[in-house]
Amino acid sequence: MSLDYVLFTSTSPVMTDGDLSYTNLYDATIDSFVWAMEKQGGGDVDLVVTQSGWPHDGNGNITTLDLAATFNKNFLKHVSGGTPKRPSAAIDGYLFALFDEDLKPPGAEQNWGLFKPNMDPKYDITRCSTELATKLFRHACSTLAHIFLAPKTSLFTGSHRPRFRSNADSESELLISNLAT
């Protein structure tokens with residue numbers, strides 16, 4: 001599979017399905033899911049992509065800051081439009097994740113964060129557009145407000161990296177460590 005097809009950078013169709021042509025894997029995946037939902041009688045359901053992104057480290061030359069920046073910028077630009085099967089149906093999409101998660105297994109799983117613990121971006125995602133960058137920044141600020149204001153979520157440790165952990169007493173407990181440094 002071509003990296004251009006995955007990163008939304010292909011300039012010509014890579015796959016054709018009947019009258020529909022696909023220049024990226026995202027559209028092909030979404031439309032495959034829509035097709036399957038139609039076969040089960042649920043084709044009119046609105047879709048939300050709750051996690052998409054690209055790791056910036058942890059698996060050699062396919063997990064770099066440049067590739068993460070390219071995918072995430074192009075994903076943000078692309079989700080406001082539809083797919084070949086549903087051209088007028090924009091799909092809400094969310095990037096994963098704001099910060100790296102150092103309690104996950106070593107490798108790419110730990111390295112999806114857009115921001116460093118001090119809130120500096122790991123790479124420039126603002127080139128996508130001012131509107132998208134503003135939305136991303138507002139989402140980051142809103143998420144941090146929830147982290148610090150929600151009970152049982154702002155526990156500080158001595159580490160300099162955010163920590164995420166499941167908690168049997170609540171749905172999830174977010175351990176944020178030393179974000180101010």
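Which residue forms a salt bridge with K104, and how far apart are the closest N and O atoms? Select E109: it pairs with K104, and the closest N and O atoms are 3.6 Å apart. A salt bridge here is a side-chain nitrogen of Lys or Arg within 4 Å of a carboxyl oxygen of Asp or Glu.

Before going on, note that this is a predicted model, in which local features need pLDDT of at least 70 and side-chain atom pairs count only at pLDDT 80 or more, while totals for chains, interfaces and linings use all residues. Residues are numbered from 1 along each chain as its sequence is written, and side-chain values use heavy atoms, with hydrogens and water left out.

**Whole chain**

Show the chain as a cartoon. It has 4 helices and 6 strands, in the order α-β-β-α-β-α-β-α-β-β along the sequence. These are DSSP runs numbered from the N terminus, with helices (H or I) of at least four residues and strands (E) of at least two. Of the 181 residues, 40% count as buried; buried means under 20% relative accessible area, exposed over 50%, and partly exposed in between (1.4 Å probe, protein chains only).

**Colour by confidence**

Next, colour by pLDDT, the predictor's confidence in each residue, from 0 to 100. The chain mean is 76, and 69% of the residues reach 70 or more. Contact means heavy atoms within 4.5 Å. Where pLDDT is low, the predicted coordinates should not be read in detail.

**Nonpolar core**

Now select Y26, I30, W54 and F75, the residues with the most contacts inside the largest nonpolar core, which has 24 residues. Such a core is a set of buried Ala, Val, Leu, Ile, Met, Phe, Trp, Tyr and Cys residues joined through side-chain atoms within 4.5 Å. The elements that give two or more residues to this core are α2 (25-39) and α3 (65-78). Helix α3 supplies the largest share, 6 residues. Centre on Y26 and leave aside its neighbours within four places in sequence: Y26 is in contact with F8, V49, F75, H78, V79 and I91.

**Salt bridges**

Return to the charged side chains; the structure holds 4 salt bridges. Select K122 and D100, whose side chains meet in one of them at 2.3 Å, N to O. Both residues lie in the loop between β4 (92-95) and α4 (130-149), so the pair ties together parts that are 22 residues apart in sequence. K122 counts as buried at 18% relative accessibility, and D100 is buried at 5%.

Then select E101 and K104, where the N to O distance of the salt bridge is 3.8 Å. E101 is buried at 11% relative accessibility, whereas K104 is partly exposed at 25%. Salt bridges that share partners join E101, K104 and E109 into one network.
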